[in-house]
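Please read the numbered points beside the sequence and the model.

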Amino acid sequence: MRELRLRHNLSQEDMILFGFSGKHWQQLEAGRPITVTTLLRACEALGVTMAEVVKDLDKGVYEKPGAATISVIKKISAKRQLNS
């Protein structure tokens, strides 16, 4: 958010004009949890879509399990087959 704000040559104080308190905007830029409504308001103020802001935030979250995880799955599967 800070990068987007700076790209528009806006100060944190300028965000008051969009209905944000200075403290609230500082918390937003610090990465504190926000509501979807707040995110939408910030996007509107900065002229961007929510998709642009959240793009790649989940990078790496959905990657294939690592080798250790696969071995655990195999062990559980083998154990289930023995118990069947």
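1. In this predicted model, His24, Trp25 and Leu28 of helix H2 are in contact with Thr38, Ala42 and Leu46 of helix H3. The residues of this contact comprise four nonpolar and two polar ones, with no charged residue taking part.

2. Helix H2 covers residues 22-29 and helix H3 covers residues 36-46. Their axes lie 12 Å apart, and the packing angle is about 95 degrees. Angles of 65 to 115 degrees count as roughly perpendicular, and H2 and H3 are therefore roughly perpendicular to each other.

3. A nonpolar patch on the surface is formed by Val36, Leu40, Met50, Val54 and Leu57. Together these residues have about 450 Å² of accessible area. Two elements, H3 and helix H4 (50-54), each give two or more residues to the patch. Leu40, for its part, is located in helix H3.

4. Side chains of opposite charge can pair when their charged atoms come close. The count of salt bridges in the model comes to two. One of them joins Glu3 to Arg7, with 2.7 Å between the closest N and O atoms.

5. Where do Glu3 and Arg7 lie? Both belong to helix H1, which spans residues 2-7. They are four residues apart, a spacing of about one turn of the helix.

Technical notes. Residues are numbered from 1 along each chain as its sequence is written. This is a predicted model: local features need pLDDT of at least 70, side-chain atom pairs count only at pLDDT 80 or more; totals for chains, interfaces and linings use all residues. Side-chain values use heavy atoms; hydrogens and water are left out. Axes are lines fitted to C-alpha atoms, for helices over the stretch in contact, and angles run from 0 to 180 degrees between N-to-C directions. Angles under 35 degrees count as roughly parallel, over 145 as roughly antiparallel, 65 to 115 as roughly perpendicular and the rest as oblique. Contact means heavy atoms within 4.5 Å. Ala, Val, Leu, Ile, Met, Phe, Trp, Tyr, Cys and Pro count as nonpolar, Asp, Glu, Lys and Arg as charged, and the others, Gly among them, as polar. Patches are made of residues with over 30% relative accessible area and no salt bridge: like charges are joined within 9 Å, nonpolar side chains (Val, Leu, Ile, Met, Phe, Trp, Tyr) within 5 Å. Accessible areas come from the Shrake-Rupley method with a 1.4 Å probe; for residues, only the protein chains shown count as cover. A salt bridge is a side-chain nitrogen of Lys or Arg within 4 Å of a carboxyl oxygen of Asp or Glu.
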